[in-house]
Amino acid sequence: MEDITLGFFTKTSRSHARLNVPALVQVAALAIIMIRCLDVFMIFNTLGMRGLSEFIHRSVQTWNLTLVFFASLMLVFIEIYCAFSLVKGRNWARILYLLTQIVATGYLWAASLGYGYPELFSIPGESRGEIFRTLVMQKLPDLLVLGLLFVPAASRRFFNLQ
């Protein structure tokens, strides 16, 4: 590094260039944001304004339901924050995104088997196999995003060099 002093300001030139963000990482970050926005839009479309207000009212009646409601909101915000951090090359963001997917999938699986609330966070099905197939199909976009972040050599190299 070389420092050049110009009056009050000091200009520092770097001797190495930063890596460009690989297209696969950009696609993955954009996909995370778009999937979450589409999820929120589909919930609004399914419930409508009246159904959404009833859902919120029902979610704040007990502490357990309130905790699940706020945890689901925090999960969405964390995933979107991870998407913006991925473009900056933060390795912890892809690990955190993986953890959010594990938590979300685990809760969906448990809620679908009758261990969680509310009904909105469960998958209907007659057998465990049918529920599992539907869960995998529902989480397939997130699995593909995780694949873009962890599998290609360019993505791994980008996060290791940052």
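With a relative accessibility of 13%, Ser-112 counts as buried, because buried means under 20%. Leaving out residues up to four places away in sequence, Ser-112 touches Ser-122, Ile-123 and Ile-131. Keep in mind as you look around that this is a predicted model.

**The overall picture**

- The chain holds 5 helices and 2 strands, and from the N terminus their order is β-β-α-α-α-α-α.
- Of the 162 residues in the chain, 28% are buried.
- Among contacts with a separation of 6 or more, 59% are between residues 24 or more positions apart.

**Helix α2 and its surroundings**

- Helix α2 covers residues 63–87, which is 25 residues.
- From its first C-alpha to its last, helix α2 reaches 37 Å, close to the 36 Å expected at 1.5 Å a residue.
- The buried residues of α2 include Leu-65, Val-68, Phe-69 and Cys-82, and what covers the buried residues of α2 includes α1 (23–59), α3 (91–112), α4 and α5 (153–161).
- Just after α2 comes Gly-89, with a positive phi of about 85°.

**A closer look at Glu-79**

- Glu-79 lies in helix α2, and its relative accessible area of 3% makes it buried.
- Which residues does Glu-79 touch, not counting those up to four places away in sequence? They are Ile-32, Arg-36, Tyr-97, Thr-100 and Gln-101.
- Glu-79 and Gln-101 are 22 residues apart along the chain, and their C-alpha atoms are separated by 9.0 Å.

**Salt bridges**

- The whole structure has 5 salt bridges, and a network of salt bridges links Arg-36, Asp-39, Glu-79, Lys-139 and Asp-142.
- Asp-39 and Arg-36 form a salt bridge through their side chains (2.6 Å, N to O). Both residues lie in helix α1, 3 residues apart, about one turn of the helix.
- Is Asp-39 buried or partly exposed? Asp-39 counts as partly exposed because its relative accessible area is 34%, while Arg-36 is buried at 6%.
- The side chain of Arg-36 also meets that of Asp-142 in a salt bridge (2.7 Å, N to O). This pair links distant parts of the chain, with Asp-142 in helix α4 and Arg-36 in helix α1, 106 residues apart.
- Lys-139 and Asp-142 are joined by a salt bridge between their side chains (3.2 Å, N to O). Both lie in helix α4, 3 residues apart, about one turn of the helix.
- Asp-142 counts as buried, with a relative accessibility of 4%.

**Lys-139 and its neighbours**

- Lys-139 counts as buried, with 10% relative accessibility.
- A polar contact of 3.0 Å joins the side chain of Lys-139 to that of Gln-101.
- Setting aside neighbours within four places in sequence, Lys-139 is in contact with Gln-101, Ala-104, Thr-105 and Leu-108.

- Phe-132, Val-136, Met-137, Leu-140, Leu-143 and Leu-144 make a nonpolar surface patch of about 560 Å².
- Phe-132 lies in helix α4, which runs over residues 128–150, and at 46% relative accessibility Phe-132 counts as partly exposed.

Key:
Residues numbered from 1 in each chain as written. Predicted model: local features only at pLDDT ≥ 70, side-chain atom pairs only at ≥ 80, totals over all residues. Heavy atoms only, no water. Helix = DSSP H or I, 4+ residues; strand = E, 2+ residues; numbered from the N terminus. Buried < 20%, exposed > 50% of the residue type's maximum accessible area, 1.4 Å probe, protein only. Contact = heavy atoms within 4.5 Å. Patch = residues over 30% accessible without salt bridge, like charges linked within 9 Å, V, L, I, M, F, W, Y side chains within 5 Å. Areas by Shrake-Rupley, 256 points an atom, 1.4 Å probe, with all protein chains shown as cover. Salt bridge = Lys/Arg side-chain N within 4 Å of Asp/Glu carboxyl O. Polar contact = N/O pair within 3.5 Å; in protein donor to acceptor, adjacent residues only side chain to side chain. Expected span 1.5 Å × (residues − 1).
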